[in-house]
Amino acid sequence: MGLVELLWVASMPVIKVLLITAVGLVLALENINLLGKDARIQVNNLVHYVLYPSLVGGNLADTITFENAVLLWFMPVNILITFIIGSALGWILVKLTRAPKHLEGLIIGVCSAGNVGFLPIIIVPAICKDKGSPFGDSNVCYQYGMAYTSLSMAVGAVYIWIYVYNIMRISASIVPKEEYRTSSFTQEASGEILDFVSEEEDLKNPEKDYVGDVDAYTLLLPSNESEKKVKASISAKIKDLSGKIFGNSNFKAVFSPTTLGSIVGLIVGVVPLIRKLMIGTDAPLHVIEDSVTMLGEAAIPVITLIMGANLLKGNSLKGANTSFCTILGIVVVRYIILPILGILVIKGATQLGLVQPDPLYQFVLLLEYALPPAMAIGTIAQLFGAGEGECSVIMLWTYGLASVAVTFWSTYYMWLVA
């Protein structure tokens, strides 16, 4: 294929994203207000708890088997490499621009975590469906493209909530306490505040049943009653420990609905017995998989609309103090340095035999280096109440320039692998 044809193929999905994003932005305007603040919160919850897990889990179950799961082992490693390189470049940018301490985590986060979920799952299937696609049969390309991008989405979500979440949490804790929002989630996100609350409750409730007191008291009881008290204290300890683990905000973030949907989808796809029961038109329980797929198909347009509505916030902020040098540095890192380093990494891995010689698979791996920051970073910034305005401005600029940058790199990557 010629370069002009590749440019046309690469630009079509980006234009589609821009058009739907523009619709979302218009719907969020004050005089229309169909996607106002309250509506966005409700729709985001719907996407987070229902549509997104259905999309990821359904696609993984339908396309991932034990055989090809073994072949795709390099994708989680590749995404981890993007995070490591991006973090190093972000740290250098922080030092060069002398960014405020409470924004260091945000800058490192947007440099390290790309949108390896939403955009690839929109762009890659759209390229596969185009008549000029260089990846062969459109149906086969679409099936494998959805498998690759779904795995990318699942792995990226786990990395973001394990790695970027904690970097931004530590950075946000540097903000003076009087600047913290008093929302319950922000207080829960700060370990210091949680510890303070627990100590305060201890002082207010002196009659609280402490496990240590129970253990001391059991020495004065008969043996049968003592054994009962010991068992009760052990069960109380287990219950208290499990409550702390499952109630911890970090645990909830890592094992989000998307992560759980990914785990269920992988189990269904990889275990042959379960796969025969649920996957395929002849499967006895295929109606479950069909229902999940139907829900998942609504995720992409809804997510794109919300992305456009969220970008409106960055255009109307006056209190953000993001410097021009910081924004320029982030754009250079995400759209110039990372894509070039990604070529070296993937070509080197291919030469060493670590990556299978599948042009579509290599294209997805390369694309993971040339994407704008993950939208989840904005959610994390809102949770901690630090850098919300700055994050919205960064997202506005990076996603505005993504139309040019992603189109360019998609064109070049297709030429490179095809």
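Buried means under 20% relative accessible area and exposed over 50%, with partly exposed in between (1.4 Å probe, protein chains only).

## Basis of the model

This is a predicted model, in which local features need pLDDT of at least 70 and side-chain atom pairs count only at pLDDT 80 or more, while totals for chains, interfaces and linings use all residues. Residues are numbered from 1 along each chain as its sequence is written, and side-chain values use heavy atoms, with hydrogens and water left out.

## Overall make-up

The protein chain has 20 helices and zero strands. Both kinds of element are DSSP runs numbered from the N terminus: helices are H or I with at least four residues, and strands are E with at least two. Of the 418 residues of the protein chain, 46% count as buried.

A contact means heavy atoms within 4.5 Å. Among contacts in the protein chain with a separation of 6 or more, 81% come from residues 24 or more positions apart.

## Nonpolar cores

A nonpolar core is a set of buried Ala, Val, Leu, Ile, Met, Phe, Trp, Tyr and Cys residues joined through side-chain atoms within 4.5 Å. The largest such core has 97 residues, and Phe363 and Ile377 have the most contacts inside it. Helix α7, residues 138–172, gives the most to this core, with 14 residues. Apart from it lies another core, of five residues, including Leu35, Ile306, Ala309 and Leu312.

Phe363 is in contact with Val124, Ile127, Phe135, Ser410, Tyr413, Met414 and Val417, leaving aside its neighbours within four places in sequence. In soluble globular proteins, nonpolar side chains tend to be buried together.

## Aromatic groups

Rings of Phe, Tyr and Trp (its six-membered ring) pair if their centres lie within 6.5 Å; planes under 30 degrees apart count as stacked, over 60 as edge-to-face and the rest as tilted. A search of the whole structure finds 11 aromatic pairs. One of them joins Trp73 and Phe74, which are edge-to-face at 5.7 Å centre to centre, with 90° between the planes. Trp73 is partly exposed, at 42% relative accessibility, whereas Phe74 is buried, at 4%.

One aromatic cluster is formed by Phe408, Trp409, Tyr412, Tyr413 and Trp415.

## Disulfide and other cysteines

A disulfide is a pair of cysteine sulfur atoms within 2.5 Å, and the whole structure has one. This disulfide joins Cys128 to Cys141, with an S to S distance of 1.9 Å. Its angle about the S-S bond is -60°, which makes the link left-handed. Cys128 lies in helix α6 (residues 118–129) and Cys141 in helix α7, so the pair ties together parts that are 13 residues apart in sequence. Both Cys128 and Cys141 are buried.

Cys111 is buried, with a relative accessible area of 0%. Cys325 is exposed, with a relative accessible area of 52%.

## Salt bridge

A salt bridge is a side-chain nitrogen of Lys or Arg within 4 Å of a carboxyl oxygen of Asp or Glu. A search of the whole structure finds one. In it, the side chains of Lys101 and Glu104 meet at 3.7 Å, N to O. Lys101 is partly exposed, with a relative accessible area of 49%, while Glu104 is buried, with a value of 18%. Side chains of opposite charge can pair when their charged atoms come close.

Lys131 is found in the loop between α6 and α7 and is exposed, at 87% relative accessibility. The C-alpha atoms of Lys131 and Val9 are separated by 8.4 Å, although the two residues are 122 residues apart along the chain.

Thr149 is in helix α7 and is buried, with a relative accessible area of 0%. Its side chain reaches the backbone oxygen of Gly145 at 2.8 Å. This is a polar contact, a pair of N or O atoms within 3.5 Å; within protein, one must be able to donate a hydrogen and the other to accept it, and residues adjacent in sequence count only if both atoms are side-chain atoms. Not counting residues up to four places away in sequence, Thr149 touches Val116, Pro120, Ile121 and Val124. Thr407 lies in helix α20, residues 388–417, and is buried, with a relative accessible area of 9%. With the residues up to four places away in sequence not counted, Thr407 touches Leu7, Ala10, Ser11, Val14 and Ala402.
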